[in-house]
Protein chains: 2
Amino acid sequence: MKPSIPQGTRDLSPEVVRKRQYIFGTLRSIFELYGFQPLETPAMENLTTLTGKYGEEGDRLIFKILNNGLHEKSEADKNKLNAEWNNVLSRSYSSPVVTERALRYDLTIPFARYVVMHHHELALPFRRYQMQPVWRADRPQKGRYREFWQCDADVVGSTSLINEAELLCIYGQAFSRLAIPVAIKVNSRKLLQGLSEICGHPDKMTDITVALDKLDKIGWSGVANELQARGIDADGVARLEQVIQVFGTNSEKLQALVQIMATSEAGMQGITEITDTLSYYAQLADHNMAGDAQIVVDVSLARGLNYYTGIIVEVVCTHPDVKMGSIGGGGRYDDLTGLFGLKGLSGVGVSFGIDRIYDVLEELALFPQQLSAATKAIILNFGGENERYALDILRRCREAGIAAEIYPDAAKFDKQMKYANKRGIQYVLLPGDDERAAGRISVKNFTTGEQTLLDVADAISLLQQASATL
Amino acid sequence: MKPSIPQGTRDLSPEVVRKRQYIFGTLRSIFELYGFQPLETPAMENLTTLTGKYGEEGDRLIFKILNNGLHEKSEADKNKLNAEWNNVLSRSYSSPVVTERALRYDLTIPFARYVVMHHHELALPFRRYQMQPVWRADRPQKGRYREFWQCDADVVGSTSLINEAELLCIYGQAFSRLAIPVAIKVNSRKLLQGLSEICGHPDKMTDITVALDKLDKIGWSGVANELQARGIDADGVARLEQVIQVFGTNSEKLQALVQIMATSEAGMQGITEITDTLSYYAQLADHNMAGDAQIVVDVSLARGLNYYTGIIVEVVCTHPDVKMGSIGGGGRYDDLTGLFGLKGLSGVGVSFGIDRIYDVLEELALFPQQLSAATKAIILNFGGENERYALDILRRCREAGIAAEIYPDAAKFDKQMKYANKRGIQYVLLPGDDERAAGRISVKNFTTGEQTLLDVADAISLLQQASATL
């Protein structure tokens, strides 16, 4: 009887919603400044749109929706349904009649699906941002939910590296506005390809990528072991170590890499990509941006997803108190819409990890203070004539744009004050007999504890000023 | 291979998202002005939370989510699962292992569930607003979707009619700000109870309510027939006709009803409820509100849902060109949280029909013009040195807060102009050789067709002014 919510889901309380709106609002304003347009896709997709796009493990984590029309099927159909049901019990979801729909698993595949369905009417290049929840049947654990929000910005239909640079600008400006100190790591898949070539294993790019991806976690010696286990010979490992040990400024790194990569065409292309992207970034980055977002060329950056083909990026918080993985990432993919039969459209995009960004802002106490209570003033209710007096003041507050409320019942004073306190409302207005007789109002400031008797018009001015400083 | 989306769902294009954000933003600002707080609940609820709350038909229309862990069940469990599966095929969803979760069907039940789970920590009365999608497996048809948005504002934990009045104010102010002319119909369930008493059938309130609900559609003669079919005798029907034919201003109607209802205690209570609510409304309604929202006492207003116990309201658009059912409705319910074991909490709430409001705004061309394209300026890309010059201007635009973009490739002039046109961007900036040599920029206004050569600083001022008038 006692109600609960499904494992891995959350109710978002008013305070949490307001904090999230602050994040979403900040990102939205930057996306719009850069000419990106909002898109929203349905929570449900056809199951066939999603299966086969996220790997075998991904397929299992997709939430499938039961077809509500099953009972309408004929007897003949029912044999088929029962066969499918047995597939479901044995973990196969290949035949989608029982579950023809599923919940959105990420924002990228629905975006690709949208572009394919609408490319005739879209003005290309199409820049879109999307901020919506996704659902995954992962085992819930601290910081990992079955319903969580993604926030993506992508450009499709242009190969210009200006797009990469603009996405770096968006990252820089977003985290600067949120006051989170970050490093934005940049690499190129082509450079990773080059790595596999110069160490003599051009076919082992994936193995090398997977191993390098663990550098932060297991250090170079761990990576070296894994590389050997994956069939890279000692010479190759030594070559890779040389690359990993390139230090210095970005341009020093790039100069050193030019030497190392000289024999690899792909590697040289990767270096050019990174160089050009950084040069565009230098031209486009806001000169007035508070706190430099640090762009760091990082040859060990791999990013798991196989569909990236060019520049890849990842954002990490550099504050010493914050232990947290990446809070953003992305890259260029050359053939995303090819999954749905539309070849030759290149795309590049970045993603913001909303939940992790929330946690960082919380940990560093970076949320603006005044978000937690939108209501600026509460008017207590002393009943009868005083209630009428209170309602008149309430109306005037709202007419002046002050978010205000009245305690709706003439309850005991203590109960009303307790409510005001629990809500964290800054100003309490007390319209008692004396105040009413004098056409005035007592205003108590909960922050300072101070209480003053004011003309109603003066009280409203005061609250208006307090609202404006929000 | 050609991708599609599930029946009854929609992709929301940038233009549509912006228009919807305008509606949501307008409503949010009014909710906050009235001291309501945002709440969000998960898309998934436990199936047991939802079943039995929406009637038998409702149970069938709930989207059930397949339990992804079915394959982990033991052999013994599988017999149980197969039995449940047969239930599913025969349209019964009572046993929730196969489908232990389901998609949110409305916002009211999750709100009640939230209040019950959190009432120890909540400051009561709790005023919340919630704007989220819900899902129903209804047969899709024009204007009816399987995924659609609800927007509710409720107060729980207070019986004061000030709450009813504030919700009427919110309706009035919202539709006034959206510029939709509306009538807000008000009735009381107690008055409907009174009707059944004065016509001699105190046990037939539901029958009378159901019949009266059709007055707009089938007229009085139709309603009279249905009343007789439902067992109301000729005397009773005559009594009801007398009530329906009460015309005039709200206070004239209420005076006439006092005569008619004199013998019914419930009826008199209903009249008092309405009178007091209107009196509170008169005190609280914004004096500066553009265009009067018309409050209309309507004894034939019934509202389908059985859980209402006091004041009920419904909003209809009164513009002669708009043929549309209600675009909002709500009322008081005395025992909503009782469904989850928490007795004695009274609530009152209203709902906004977002999709219908959208359609009305579209039909009456009431959306603000400048929503359709957020990007104010596009800078064309003539490559090489001119591209560098363009990037510098682009950065300065954004630093000045102007939403701007560059065409990322040095494509043919016509292609770039076509893109700008298709996007509906108002200003096109042309940084060619001559402009660059002179440190100036040509600015083409797509609305007027005019093209002028300006100093870059002047161009930015112009665009800044154009952005400010948004």
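Trainee: Before we start, what does "contact" mean here?

Mentor: Contact means heavy atoms within 4.5 Å. Keep in mind that this is a predicted model.

Trainee: Okay, so what surface do the two copies meet through?

Mentor: They meet through the same surface, because 100% of the interface residues of chain B are also interface residues in chain A.

Trainee: And what rotation puts chain B on chain A?

Mentor: A rotation of 180°, with 0.0 Å of shift along its axis, superposes chain B on chain A, and the RMSD is 0.1 Å. That is how a two-fold axis relates things.

Trainee: Which residue of chain B comes closest to that rotation axis?

Mentor: That's Ile65(B), with its C-alpha at 2.2 Å from the axis.

Trainee: Switching to one chain. How many helices and strands are there in chain A?

Mentor: Chain A has 17 helices and 16 strands. Its radius of gyration is 29 Å, well over the 23 Å that the globule rule gives for 470 residues, so chain A is more spread out than a compact globule. Along its principal axes, the C-alpha trace spans about 90 × 70 × 45 Å.

Trainee: What share of its residues count as buried?

Mentor: In chain A, 59% of the 470 residues count as buried. As for surface, chain A exposes about 18,700 Å², and carbon and sulfur atoms supply 49% of that.

Trainee: Now chain B. In what order do the strands of the open sheet come?

Mentor: The order is β13-β12-β14-β15-β16, 5 strands with mixed pairing. The edge strands are β13 (404–406) and β16 (451–455) of chain B, and each pairs on one side only. On average, neighbouring strands in this sheet are turned by 25° against each other, direction ignored.

Trainee: How do β15(B) and β16(B) pair?

Mentor: Strand β15 of chain B, residues 440–445, pairs with β16(B) in the antiparallel sense over 5 bridges. Ile441(B) stands opposite Leu454(B) in β16(B).

Trainee: What does α17(B) lie across?

Mentor: Helix α17(B) lies across β12 (377–379), β14 (427–430), β15 and β16 of chain B. It runs at about 115° to β16(B).

Trainee: I clicked on Ser467(B). Which helix is that in?

Mentor: Ser467(B) sits in helix α17 of chain B, which covers residues 456–468.

Trainee: Buried or exposed?

Mentor: Ser467(B) counts as buried, because its relative accessibility is 16% and the cut-off for buried is under 20%.

Trainee: And what is Ser467(B) in contact with?

Mentor: Leaving aside neighbours within four places in sequence, Ser467(B) is in contact with Lys376(B) and Ile402(B).

How values were computed
Residues numbered from 1 in each chain as written. Chains lettered and ligands numbered in written order. Predicted model: local features only at pLDDT ≥ 70, side-chain atom pairs only at ≥ 80, totals over all residues. Heavy atoms only, no water. Helix = DSSP H or I, 4+ residues; strand = E, 2+ residues; numbered from the N terminus. Buried < 20%, exposed > 50% of the residue type's maximum accessible area, 1.4 Å probe, protein only. Least-squares fit on C-alpha atoms with pLDDT ≥ 70 in both. Pairing = 2+ DSSP bridges. Axes fitted to C-alpha atoms, helices over the stretch in contact; angles between N-to-C directions. Rg over C-alpha atoms; globule rule 2.2 N^0.38 Å. Areas by Shrake-Rupley, 256 points an atom, 1.4 Å probe, with all protein chains shown as cover.
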